[in-house]
Amino acid sequence: MEGLLHQVFAGLANGAIYASLALALVMIYRVTHFVNFAQGELALCSTYSAWALIEAGASYWVAFVVTVALSFAMGVVIERVVIRPASRAPALSVVIVFIGLMVALNSVAGWIFGYSTLSFPSPFPAEPPFGNHYIGSHELGVIAVTLGMLGLLYVFFRFTTLGLVLRAVADNAESSRLVGIRVERMLGLGWGLAAAIGAVAGIMIAPIVFLDPSMMSGVMLYAFAAALLGGIDSPIGAVVGGFIVGVLENLMGAYVIGTELKLTVALVLIVVVLVVKPSGLFGQPVAARV
Amino acid sequence: MMLAPSPSTSQTVSRSVLLACGALLGFVAVGCKHGDSSEKPGDKAAAAAPAEIKIGQTMPYSGPASAYGTIGKVEAAYFQKVNKEGGVNGHSINLVSVDDGYNPAKAIEQVRKLVEQDQVSFIFQSLGTPSNVAIQPYLNTNKVPQLFVATGATRWNDPEHFPWTIGFNPSYELEGSTYGRYIATHQPGAKIAVLYQNDDYGKDLLKGLKAGLGDQAKSVIAEATYEVSDPTVDSQVATLKASGADTFVNVTTPKFAAQAIRKAYDIGWKPKQYLSSVSGSVGSVLTPAGLEKAVGINTVGYFKDPTDKQWDDDPAMKEWRAFMKESLPELSTSDQNNTYGYIAAQTMIQVLKQCGDDLSRANVMKQAASLKGFAPPLLLPGIALDTGPNDFSLFERLLLVRFNGTTFVPVADAAVVSK
């Protein structure tokens, strides 16, 4: 029983990691209808910036705020410089651009910061809450931050004009332009927001998995599974999907199929969702007029 | 989202794929032709141009293992230093170190080019088990020495089948059996849980552990694996704790080692711990995990850890630091890979010194297999390199060391565990 509880709580902690990055994936998808393969590496670069700021003597929260702002700017710049020139190209070309961006960012991070494992500070207490042995304060904190980001996103898309405009651009760029929305600017904003969410995710993930250039490669795959399971256009889906993937992966690994096939759970999940219910648990089915 | 390419694009694509295939076939054919006749020019180069010793090497300067690329840089810089000081027996050394991106296919292509176009005499310290497995048959068929392979797999010590290949690192099996012997003698009746990386590294070490345990091999009561793509190993550590084991053998790479040490401590599991030397670094594993969580951890060592303060006044460590400062100021002096590269380069120089003026491939191989008690000063006291015609394993013994909260100190009751 104790073992089972350990697995479930470790799964929830991992799930929060997947969910936070899945949120960034969903953000970019809602604005551009593309899955950004470079999302993890963008978050990696943000995390390294935060680490460098802290190393240089900045306090945690200063580093946090500056990094999120910098990441927003980085998202906007990348959209303008790298993505927009390719925006009229076929979808496949854009995917290649994303993959190129992923490899390039990863190499740049390694080149600048090296490949050794770095520890990253946590804003939460070191001791687990209430003296329990199941889940640490930081893990609980990550779950809270992820849920907090989800709440903010929900409010943003549901109740603000800017959120409405972003949704309009994603839904129908041409009509949006005709009613006077500056579509390019909105795309840039979407990229900026996704990068900022990714930065928060990275800063939350790094204390758990430790910071090195390969930090995001594994996480990213599970985040994809989470986002797809929840529905790639649904923030709530991303978070629920993240927790399901995290717990399912642990329980299957520990009790059913063995640790060798843990990763396979995520991959099988991706395939099953795409075949059985491509819109995921919470996503909207796509209907196109022909 | 439009995913299906238009017909015209797909035609262009298939045409260019065909062209590429054609080109590739031609390339392979040319490559084979070269392969058949490669032996002579290389030998001639080695014999006819005694002024320069040309050495080839593949390194992962890019790609997933690029952290190790620093080894190649250190070795090149060390050979430069030797050249400046007059070379080896008057010969200068030219290390041609090329990138293989940790990709075995690329490694084959690069090694063929090194042997056939650049006409190197031999290959030195090519890094990575997959890449070396890939180039091993080619080099052995063409009788080109594959010296001091930079991996810890056990397969490099096989003079009967691969007389032109010799490894460098102590094998993971030797390390595993060191733990096994120690546990069998000092902790009889232990209940052992093993966490290992699901590849040759993990499996070799586990095999050695069981061999070292001998008739107590059944005391391994729980095994869990992880993949390098796993974000954390928390779940595995929880499983191992639940097994009721009192001894934890942690066969992981640095990031996962730090996670496992921290998780075990955080969930209140306090076993006796044995940590693979791959992750036996104070700076890059124990510090991130939390030093107080790592007290009492055992590992084996064979060279001095530059992040370990007990070597700060050691002459060999000072010499190395001075070299790094002068030749490679941009590289880290807390990275063990840089110490490792220095030791490997010194070993290479020793072999070349032993060769005298006979730098034929056969003699280089013969001398590499004739190291007698050679002890580069950065090795731990009591460790020396020994090889023979039927023993291509450099290390005969490893030192068991224990972490005391600040540094690794030799374990008194088993200072040296023999092979």
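Modeller: Let's start with a cysteine: A:C45 is buried, at a relative accessible area of 14%. Keep in mind that this is a predicted model.
Biologist: And B:C355, buried or exposed?
Modeller: B:C355 is buried, with a relative accessible area of 5%.
Biologist: How many disulfides are there over all chains?
Modeller: Zero, counting over all chains.
Biologist: Okay, new topic. Which residues touch the most other members in the largest nonpolar core?
Modeller: Those are B:F79, B:F148 and B:M348, in a core of 94 residues.
Biologist: Which helix gives the largest share of this core?
Modeller: Helix α12 of chain B, residues 336–355, which supplies ten residues.
Biologist: Where does this core lie relative to the domains of chain B?
Modeller: It lies between domain 1 (29–169 + 312–388) and domain 2 (172–301 + 400–418), because both of them give residues to it.
Biologist: What is B:M348 in contact with, leaving aside neighbours within four places in sequence?
Modeller: B:M348 contacts B:I55, B:F79, B:F122, B:F124, B:L147 and B:F148.
Biologist: Which residues does the second core include?
Modeller: That separate core has 87 residues, and A:A91, A:V142, A:V165 and A:M204 are among them.
Biologist: What does the B:D314 side chain make a polar contact with?
Modeller: The side chain of B:K304, at 3.2 Å.

Technical notes
Residues are numbered from 1 along each chain as its sequence is written. Chains are lettered from A and ligands numbered from 1 in the order in which they are written. This is a predicted model: local features need pLDDT of at least 70, side-chain atom pairs count only at pLDDT 80 or more; totals for chains, interfaces and linings use all residues. Side-chain values use heavy atoms; hydrogens and water are left out. A disulfide is a pair of cysteine sulfur atoms within 2.5 Å. Buried means under 20% relative accessible area, exposed over 50%, partly exposed in between (1.4 Å probe, protein chains only). A nonpolar core is a set of buried Ala, Val, Leu, Ile, Met, Phe, Trp, Tyr and Cys residues joined through side-chain atoms within 4.5 Å. Helices (H or I, at least four residues) and strands (E, at least two) are DSSP runs, numbered from the N terminus. Domain bounds come from an automatic or database domain assignment. Contact means heavy atoms within 4.5 Å. A polar contact is a pair of N or O atoms within 3.5 Å; within protein, one must be able to donate a hydrogen and the other to accept it, and residues adjacent in sequence count only if both atoms are side-chain atoms.
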